[in-house]
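Good morning, colleagues. Please look at the sequence and the structure on the screen, and I shall then take you through its contacts and its surface.

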Amino acid sequence: MVSSSKSRSRSNGKPHVLCFHQDLAPLRTVKVQGLTRGKRFYGCSHWPNSYGFFKWADEEDRVQELQFLLFKRDTRIAELEILIEELENEVKNLKQANWKLEDDVAEMAIENTEQLAIIGSATADKKLYNLLVASWVLFAIVLLLLGRGG
């Protein structure tokens with residue numbers, strides 16, 4: 001009776017074949033007389049108490065190899081989808097941080113403009129004060145000169 005099996009990973013180029021009990025199927029050799037004498041096969045791990053699983057060792061089992069490749073592909077796709085979601089969240093967080101920084105810069109620009117206006121006003125006041133002092137000094141000099149001459 002021919003039946004399918006599940007393969008696990010390969011080691012040393014030989015597949016690990018599981019029987020229907022999900023146990024490692026031992027590699028056996030046909031010992032009875034006939035055309036298949038000496039041929040190797042995988043049988044049920046519970047033989048002779050349980051039958052049903054049989055697979056020739058030299059059969060190509062591309063179905064399971066392809067199923068494994070599909071599983072690897074699907075796993076990689078799922079990993080990449082998770083990575084995409086993480087990156088989208090990071091982009092969203094960076095955009096929010098950028099907006100906050102832009103708001104902070106705008107606030108600082110307003111504050112700097114106000115500070116420059118205050119400094120400019122103080123500078124103008126200082127210039128007026130210096131001009132006033134200079135005019136008093138000049139007035140005092142003119143009075144002194146007029147007082148000497150007159």
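Predicted model: local features only at pLDDT ≥ 70, side-chain atom pairs only at ≥ 80, totals over all residues.

**Salt bridges along the helix**

Asp 104 forms a salt bridge with Lys 100, and their closest N and O atoms are 3.4 Å apart; by salt bridge I mean a side-chain nitrogen of Lys or Arg within 4 Å of a carboxyl oxygen of Asp or Glu. Residues are numbered from 1 along each chain as its sequence is written, and side-chain values use heavy atoms, leaving out hydrogens and water.

Asp 104 and Lys 100 both lie in helix 1, four residues apart, about one turn of the helix. Helices (H or I, at least four residues) and strands (E, at least two) are DSSP runs, numbered from the N terminus. Lys 100 is exposed, with a relative accessible area of 52%, while Asp 104 is partly exposed at 27%. Here buried means under 20% relative accessible area, exposed over 50%, and partly exposed in between, with a 1.4 Å probe and protein chains only.

How many salt bridges does a search of the whole structure find? It finds three. Another joins Glu 79 to Arg 76, with the closest N and O atoms 3.5 Å apart. These two residues are separated by about one helical turn, because they are three residues apart in helix 1.

Let me turn to the overall fold. The protein chain has one helix and five strands, in the order β-β-β-β-β-α along the sequence. Of its 150 residues, 11% count as buried.

Among the strands, Phe 41 in strand 4 (residues 40–43) pairs with Trp 56 in strand 5 (residues 54–56), linking parts of the chain 15 residues apart. Their ring centres are 6.3 Å apart and their planes stand at 85°, so the pair is edge-to-face. Rings of Phe, Tyr and Trp (its six-membered ring) pair if their centres lie within 6.5 Å; planes under 30 degrees apart count as stacked, over 60 as edge-to-face and the rest as tilted. Phe 41 is buried, at 15% relative accessible area, and Trp 56 is buried too, at 17%. Together with Phe 54, these residues form one aromatic cluster.
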